[in-house]
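Look at the fold below before reading on.

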Amino acid sequence: MPFGELGLKDSSGDGLIDADELAAQRDTVAATLVDTVRDNVALTVDGEPLKLEGAGVPSISEHGLANDADASDNVVLLVASAAHEGDVGELDLDWEFGGPSRAVVLSAEDQLINGELSDDDTIEFSLDGWSSATSFFTLGIEHIIDGPDHLLFLLVLTLAATAGGVTASSTWLTVKLVTAFTVGHAISLCLAYFEVVSIPASIVEPTISLSIVAAAILVLRGVEQDGRIWIASAVGLVHGLGFASSLGSLGIAASQRVAALAAFNIGIDVAQTLVVLGLVGLLWIGYQLMDRRIEWARLAGAGICAAFGMFWTVTRLAELAS
């Protein structure tokens with residue numbers, strides 16, 4: 001969370017807090033830290049409020065940065081509550097501090113549930129048997145729906161497969177293209193998530209948008225079926241790195257990664273399938289209503305996708321350069 005919200009100050013004026021600044025102020029802030037936390041955080045278990053009894057800020061190196069010489073926009077806040085006797089069925093969190101993310105992960109001995117703070121800065125966790133799987137399944141679906149670059153690439157794949165009309169053959173080709181894309185991103189998602197492969201997001205994101213441009217150009221030029229399948233698989237490898245960054249940012253414990261990854265990946269695949277089926281249906285209607293003119297619309301759609309992809313590539317590269 002932002003260090004300023006705990007009363008810590010940036011004495012150097014660089015907008016960040018480093019190990020020396022934190023160490024110099026920790027004792028002063030500690031005197032009021034628990035009261036500050038109680039004013040901004042509330043924890044309720046099965047309707048019973050838990051009193052917050054302790055709070056602390058670990059050193060900069062314990063934040064996961066390389067060493068104590070590094071500085072940060074945010075600090076880690078540790079909060080201790082009173083003990084709760086008995087089982088837990090529902091947990092409510094009211095969190096009014098600011099921060100770089102609204103994502104919340106509840107990690108228990110045998111459960112891992114992902115969620116997001118609502119507009120009123122609260123979140124409710126129900127600790128039933130399906131909560132863990134459904135939360136990461138939903139996160140996978142949301143990642144597709146909220147990712148315009150991934151949606152645009154799915155559109156390009158569909159446009160590639162339906163050249164000449166929506167038939168049993170073109171629908172089967174669409175299935176194969178999406179399957180190849182899915183296999184590609186599943187492989188790279190696993191490799192990146194378990195840190196076998198590590199590529200910075202600043203490189204991955206422009207590459208994803210550039211893949212849209214390349215795929216759209218191939219649609220406009222026309223590429224043989226086998227070629228399109230291999231291209232979809234290769235591009236899937238790139239997109240999987242983007243999926244991994246989304247899941248990896250939650251900081252999930254290593255012992256719980258497999259279940260989270262599986263549910264997240266299934267959610268992505270279900271969302272992709274529904275999106276592509278919807279696009280195929282719309283194109284089928286277009287072919288019925290517009291006849292030959294739909295081919296021009298299909299090519300125009302590919303051109304628009306290329307334009308968006310190029311815009312995103314340029315803006316992301318500009319951010320990288322700056």
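What follows is a walk through strands, helices, aromatic pairs and cysteines.

This is a predicted model, where local features need pLDDT of at least 70, side-chain atom pairs count only at pLDDT 80 or more, and totals for chains, interfaces and linings use all residues. Residues are numbered from 1 along each chain as its sequence is written, and side-chain values use heavy atoms, with hydrogens and water left out.

Start with the sheet. Helices (H or I, at least four residues) and strands (E, at least two) are DSSP runs, numbered from the N terminus. Two strands pair if DSSP finds at least two bridges between them. Four strands make an open, antiparallel sheet in the order 3-2-7-10. Strand 3 (48-50) and strand 10 (122-126) are the edges; each has a single partner strand, so one side of each lacks a neighbour in the sheet. Neighbouring strands are turned by 20° against each other on average, direction ignored. Axes here are lines fitted to C-alpha atoms, for helices over the stretch in contact, and angles run from 0 to 180 degrees between N-to-C directions. Strand 2 (residues 41-45) joins strand 3 through three antiparallel bridges. Val45 faces Glu48 of strand 3. Helix 1 (residues 19-40) lies across strand 2 and strand 7 (90-95), at about 65° to strand 2.

Now the helices. The expected span is 1.5 Å times one less than the number of residues. Helix 8 (residues 293-321) has 29 residues and should span 42 Å; its end C-alpha atoms are 42 Å apart, which agrees. Its buried residues (under 20% relative accessible area; exposed is over 50%, partly exposed in between; 1.4 Å probe, protein chains only) include Arg298, Trp312 and Arg316. Their cover includes helix 3 (148-161), helix 5 and helix 7 (257-290), with contact meaning heavy atoms within 4.5 Å.

Next, the rings. Rings of Phe, Tyr and Trp (its six-membered ring) pair if their centres lie within 6.5 Å; planes under 30 degrees apart are stacked, over 60 edge-to-face, the rest tilted. There are three aromatic pairs. Trp95 and Phe97 are edge-to-face, at 5.5 Å centre to centre and 65° between the planes. Phe153 and Phe181 have centres 5.0 Å apart and planes at 40°, so this pair is tilted. Phe153 is in helix 3 and Phe181 in helix 4 (residues 168-193), so the pair ties together parts 28 residues apart in sequence. Phe153 is buried at 0%, and Phe181 is buried at 1%.

Last, the cysteines. A disulfide is a pair of cysteine sulfur atoms within 2.5 Å. The count is zero. Cys305 is buried at 2% relative accessibility, whereas Cys190 is partly exposed at 30%.
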